[in-house]
Amino acid sequence: MKILSFDSSYNSCSVSLLYKKKIFYYQKKCKRQHSKILFPMIKKILFVNKIKLKKINIIAFCNGPGNFTGTRISTNIAQGLSIGSNIPLLQISSLKIIAQEAYNNFLYEKNFFIIMKMNKNRYYYSKYLIKKNFLKKKKKFLSTNKKILLQHLNKIKKRCVFAGNFNPKILKSLKFKNFFIKIKFSHAKYIIPLALKDIKLKKTLVPELVFTKYFHKF
């Protein structure tokens, strides 16, 4: 299985390639330059590993939530490459990608709460549960403000691993001992394990069914 993945949903561009049972990846911080950086990174990772796009089995990409322009660029590139080379697509949430990275750091934990601060008083958040080494979304949340976010946090009755780009001081009021890991961006290399599991579940899409997630439901 050869999987090409990429992500430009926040102030970063990253690409990853599963090839010969190894994961290769690049990441570069960027702000408002996603369109100039992401596609050359994709070309580079294919060139360095001496593999042509037509040999790729699956293209997996982050479809948000996140930066409007960055998320749109990833989606457009994924659709274009898919149509041009007839490659199936997988779209994966940025919050689930961050949850996968957190899980890689805390393999013995079961509950993961992902919080990404988008502006002064707006957050994306979602909770994931590990079942049989598989990340499952426990609840579907909307983007919200700090007040409502704290209300949800105070309802937590189990120990969680919290991950994201937010200030950990908001966790002080929680009753349970929790872990925190700072993750500023979702990264394409963590798309690969999620894609492998989605392939088994036959979640691949054609370009026409792809959608993006901005500042609304996800």
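Predicted model: local features only at pLDDT ≥ 70, side-chain atom pairs only at ≥ 80, totals over all residues.

In which helix is the place of Lys147?

Author: Lys147 has its place in helix 4, which covers residues 146-153. Is Lys147 buried or exposed? Its relative accessible area is 62%, and because exposed means over 50%, Lys147 counts as exposed.

Let us step back for a moment to the whole protein. Its secondary structure comes to five helices and 10 strands. The radius of gyration is 17 Å, close to the 17 Å that the globule rule gives for 218 residues, so the protein is as compact as a globular protein of that length. The C-alpha trace spans about 55 × 35 × 30 Å along its principal axes. Of the 218 residues, 51% are buried. If you take the contacts between residues at least 6 apart in sequence, 64% of them join residues at least 24 apart.

The largest nonpolar core has 32 residues, and Phe112 and Ile114 touch the most other members. Two or more residues of this core come from each of strand 1 (3-10), strand 4 (58-62), strand 5 (89-92), helix 3, strand 6 (111-119), strand 7 (122-131), strand 9 (161-164) and helix 5 (191-200). Helix 3 gives the most, with six residues. Apart from this core lies another one, of 25 residues, which includes Cys13, Phe61, Ile73 and Leu89.

Phe112 is in strand 6, and its relative accessible area of 0% makes it buried. Leaving out residues up to four places away in sequence, Phe112 touches Ala99, Ala102, Tyr103, Phe106, Ser126, Lys127, Tyr128, Ile130 and Val161. Leu135 is 23 residues from Phe112 in sequence, and their C-alpha atoms are 9.1 Å apart in space. With its neighbours within four places set aside, Ile114 is in contact with Leu95, Ile98, Ala99, Tyr124, Tyr125, Ser126, Tyr128 and Ala163.

Helix 3 deserves a visit too. This helix runs over residues 94-105 and holds Gln100. Gln100 has a relative accessibility of 4%, and because buried means under 20%, Gln100 counts as buried. Beyond its neighbours within four places in sequence, Gln100 is in contact with Leu135, Tyr190, Pro193 and Leu194.

Ile23 is found in strand 3, residues 22-29, and is partly exposed, with a relative accessible area of 40%. Setting aside neighbours within four places in sequence, its contacts are Ser16, Leu17, Leu18, Lys189 and Ile192. Ile23 and Asn67 are 44 residues apart in sequence, and the distance between their C-alpha atoms is 26 Å.

Finally, a few backbone details to look for in the loops. Most residues other than glycine have a negative phi, and most peptide bonds are trans. Lys20 has a phi near 55°, a positive value in a residue other than glycine. Lys20 lies in the loop between strand 2 (12-19) and strand 3, and at 63% relative accessibility it counts as exposed. Arg32 also has a positive phi, near 65°, and is a residue other than glycine. You will find Arg32 in the loop between strand 3 and helix 1 (34-48), where it is exposed, with a relative accessible area of 78%. The peptide bond from Gly64 to Pro65 is cis, with omega near 5°. Pro65 lies in the loop between strand 4 and helix 2 (68-85).

Notes:
Residues numbered from 1 in each chain as written. Heavy atoms only, no water. Helix = DSSP H or I, 4+ residues; strand = E, 2+ residues; numbered from the N terminus. Buried < 20%, exposed > 50% of the residue type's maximum accessible area, 1.4 Å probe, protein only. Contact = heavy atoms within 4.5 Å. Core = buried A, V, L, I, M, F, W, Y, C linked by side-chain atoms within 4.5 Å. Rg over C-alpha atoms; globule rule 2.2 N^0.38 Å.
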